[in-house]
Amino acid sequence: MSLIKWLVDARKEQGLTVRQFAERIDESHQFVNKVETFQRKLNVYEYVQYCEALGLEPTEGLSFLRKN
């Protein structure tokens, strides 16, 4: 599983649409869509912001980077 897939799965499990999540993190839905379709990378700040908005622990997601 990839780090981005982990974030997407968490968003979907919480019942959030791309637009709803984009509002939560004060970004455009195009931004979220590009991240989730691997057209744009997240920087560290954005990653932490994404995790916090989903109630995820950022260090947990980093384990995916070690596996790949």
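Are phenylalanine 21 and tyrosine 50 buried or exposed? Phenylalanine 21 is buried, and tyrosine 50 is buried too. Buried stands for under 20% relative accessible area, exposed for over 50%, and partly exposed for what lies in between (1.4 Å probe, protein chains only).

1. **Basis.** This is a predicted model: local features need pLDDT of at least 70, side-chain atom pairs count only at pLDDT 80 or more, and totals for chains, interfaces and linings use all residues. Residues are numbered from 1 along each chain as its sequence is written, and side-chain values use heavy atoms, with hydrogens and water left out.

2. **The aromatic pair.** The whole structure holds 1 aromatic pair. The ring centres of phenylalanine 21 and tyrosine 50 are 4.6 Å apart and the planes meet at 50°, so the pair counts as tilted. Distant parts of the chain are linked here: phenylalanine 21 sits in helix α2, tyrosine 50 in helix α4, 29 residues apart. Rings of Phe, Tyr and Trp (its six-membered ring) pair if their centres lie within 6.5 Å; planes under 30 degrees apart are stacked, over 60 edge-to-face, and the rest tilted. Helices are DSSP runs (H or I, at least four residues), numbered from the N terminus.

3. **Helix α1.** This helix covers residues 3-13. Its buried residues are Leu3, Ile4, Trp6, Leu7, Val8, Ala10 and Arg11. They pack against α2 (18-24), α3 (29-36), α4 (44-54) and α5 (58-67). Glycine 15 follows α1, and its phi is positive, near 75°.

4. **Valine 35.** Valine 35 belongs to helix α3. Its relative accessible area is 1%, so valine 35 is buried. Which residues does valine 35 contact, leaving aside its neighbours within four places in sequence? They are Ile4, Arg40, Leu42 and Tyr50. Contact means heavy atoms within 4.5 Å. Isoleucine 4 is 31 residues away along the chain, yet the two C-alpha atoms are separated by 7.6 Å.

5. **Glutamate 46.** This residue lies in helix α4. Glutamate 46 counts as buried because its relative accessibility is 10%. Residues up to four places away in sequence aside, glutamate 46 touches Phe31, Arg40 and Lys41.

6. **The largest pocket.** It holds about 240 Å³ of space. The lining includes Leu3, Ile4, Phe38, Arg40, Lys41, Tyr47 and Leu65. Helices α1, α4 and α5 each supply at least two lining residues. By type, the lining has 8 nonpolar, 2 polar and 2 charged residues. Ala, Val, Leu, Ile, Met, Phe, Trp, Tyr, Cys and Pro count as nonpolar, Asp, Glu, Lys and Arg as charged, and the others, Gly among them, as polar. On a 1 Å grid over the protein atoms alone, a pocket is an open set of points where a 1.4 Å probe fits, with protein on both sides within 12 Å along at least five of seven lines; lining residues have an atom within 4 Å of a point. Grid points are joined across faces, edges and corners, and the volume is the space filled by probe spheres set on the points.

7. **Two loop residues.** Aspartate 26 lies in the loop between α2 and α3. Its phi is near 60°, a positive value in a residue other than glycine. Aspartate 26 counts as exposed because its relative accessibility is 69%. Phenylalanine 38 lies in the loop between α3 and α4. Phi of phenylalanine 38 is positive as well, near 60°. With a relative accessible area of 57%, phenylalanine 38 is exposed, and this residue also lines the largest pocket.
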